[in-house]
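Take the sequence and the model together. The paragraphs below walk through a sheet, the helices around it and a helical region.

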Amino acid sequence: MDKGIFIALMNPAMALTFAAAFAILWHAQRQRRYILRLSCGYLAFATAFLFQHFSPTGLTIFRFASNGLFVLGAICITTGALERYGRTPPIRAMLATAGVGLSAFTWFFFVQPDIIWRIYAVNFTLGVIALLFVVELGKAPAKKAIDRLLLAIMLIAGLSFFVRPPLTIWIEGPYATFEDFSGSLYWITLVFTGSLFLLLFALTIITAVALDVMDELRRKSETDMLSGLLNRRGFESHMEAAFATRPRGMAAALIVCDIDRFKTINDRYGHAVGDRVIRHFADCLAGATEGQHPVGRIGGEEFAILLENADAITARLLAEGIRIAFSNAAADFPAGIQMTASFGIAEAAPDEVSHDLFRRADQALYLAKNSGRDCVRIAADPARRAAG
């Protein structure tokens, strides 16, 4: 195969491969609709490269269309990637940029033919679209390493659209004909940098999607389906992580609670009502903590809350509020139902491990049960108990 044809086929082949890969990935993850847009973007790139190299002789409209497809592909992949981060793509700014750039390209294609200005028009358009992506992605909170890598790739790509064209044209001189352009230093650098960008962008996004799927599977494995809270495994994992990074001397408190006489509720009113009671109690816990602290369903009707940087007094105030809110909701359930909960609290000692804190909170809950239920009890400080 002629080496020129091999080079010409390199980018469309790569773009088609990734378009197919994204399409397959979307088929398996249809809830991630942005993946389909990425596939469409890569398909547009592949078609653009094919039109650029293999347009029928004399039909310049294919070369004109190829530049429009380059811009369309750039908009598709940047807006698709931004949607992965929950960012609203600056679509108006991108479309305005595309409109201005393609209008200039059309002028220098049909009205006042000039290859150099066509190069500038398309490259500067792609550069602005890439930098708009960078600005918007930079606003996304809590970026991971893979996200920062994607940001760097797009920043370099965006800047290259402004630097590479004038630099290569300055080195080599202007192009008088399309044949001069197609074998120029500019085109060769575009082919190879384009290949590198297509590869790095696709691999980075595919890696990010894979990490998203892994995170989702981990969350599902740590989530209780009925209550929507952490399950025991998830809660203990969060608790161990918190204690591993807890500064010495920082206060922490654990609340362990359960629904009083839950078996009686299930037997008398049925499991459907029992499930409603579980969900309502879970809502009381989640609402009281407002997502600021780990909350888990650690048993059938037993729950736990870890309060970081909080003492036993703060924990007791929170528990009393939950207890009252839960019991007051009985009016929304079948007549005669009694809905109360008991709470045990333990405040962490400076060097206490999570296992010992759990044990003391359980003991406080047992004391609340033996004190008539529907109450809050606090475990004794381990140092004071040892002294006694």
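Helix α13 (residues 354-370) lies across β1, β3, β4 and β5. The direction of α13 runs at about 145° to that of β4. Touching here rests on contact, meaning heavy atoms within 4.5 Å. Axes are lines fitted to C-alpha atoms, for helices over the stretch in contact, and angles run from 0 to 180 degrees between N-to-C directions. Helices (H or I, at least four residues) and strands (E, at least two) are DSSP runs, numbered from the N terminus.

This is a predicted model, in which local features need pLDDT of at least 70 and side-chain atom pairs count only at pLDDT 80 or more, while totals for chains, interfaces and linings use all residues. Residues are numbered from 1 along each chain as its sequence is written, and side-chain values use heavy atoms, with hydrogens and water left out.

Now the sheet itself. It is open and has 5 strands, in the order β2-β3-β1-β4-β5, with mixed pairing. The edge strands are β2 (295-297) and β5 (376-378), each of which pairs on one side only. Neighbouring strands are turned by 20° against each other on average, direction ignored. Helix α11 (residues 271-289) also packs on this sheet. α11 touches β1, β2, β3 and β4, and its direction makes about 5° with that of β3. Two strands count as paired if DSSP finds at least two bridges between them. Strands of a sheet pair through backbone hydrogen bonds, either parallel or antiparallel.

How many residues of strand β1 (residues 252-259) are buried? The count is 8 of the 8, so β1 is largely enclosed by the rest of the structure. Buried means under 20% relative accessible area, exposed means over 50%, and partly exposed lies in between (1.4 Å probe, protein chains only). Both faces of β1 are covered. On one side A252, L254, V256 and D258 are buried.

Look at the partners of β1. Strand β3 (residues 302-308) runs antiparallel to β1, and 7 bridges join the two. I255 stands opposite I305 in β3. L254 has L306 of β3 as its bridge partner. Strand β4 (residues 341-347) is also antiparallel to β1, again with 7 bridges. There, V256 has G344 as its bridge partner.

Move on to β3. β2 pairs with β3 in the antiparallel sense, over 3 bridges. R297 has F303 in β3 as its bridge partner. A hairpin of 4 residues joins β2 to β3.

Next come the helices. Helix α2 (residues 34-54) packs against helix α8 (residues 185-221) at an angle of about 165°, with axes 12 Å apart. That makes α2 roughly antiparallel to α8. By angle, under 35 degrees counts as roughly parallel, over 145 as roughly antiparallel, 65 to 115 as roughly perpendicular, and the rest as oblique. The crossing of α2 and α8 is left-handed: the near helix is turned anticlockwise from the far one by less than a right angle, whereas clockwise would be right-handed.

Which residues meet between α2 and α8? From α2 come Y34, I35, L38, Y42, F45, F49, Q52 and H53. From α8 come W187, L198, F201, A202, I205, V209 and D212. By class, this contact has 12 nonpolar, 2 polar and 1 charged residues. Ala, Val, Leu, Ile, Met, Phe, Trp, Tyr, Cys and Pro count as nonpolar, Asp, Glu, Lys and Arg as charged, and the others, Gly among them, as polar.

α2 also packs with helix α3 (residues 61-84), at about 160° and with axes 7 Å apart. α2 and α3 are therefore roughly antiparallel to each other. Their crossing is left-handed. The contact residues divide into 16 nonpolar, 8 polar and 4 charged.

S195 sits in helix α8. At 7% relative accessibility, S195 counts as buried. Leaving aside neighbours within four places in sequence, S195 is in contact with M10, N11 and M14.

L102 belongs to helix α4 (residues 91-111). At 27% relative accessibility, L102 counts as partly exposed. L102 touches N67, G68 and V71, not counting residues up to four places away in sequence. The C-alpha atoms of L102 and V122 are separated by 7.1 Å, with the two residues 20 apart along the chain.
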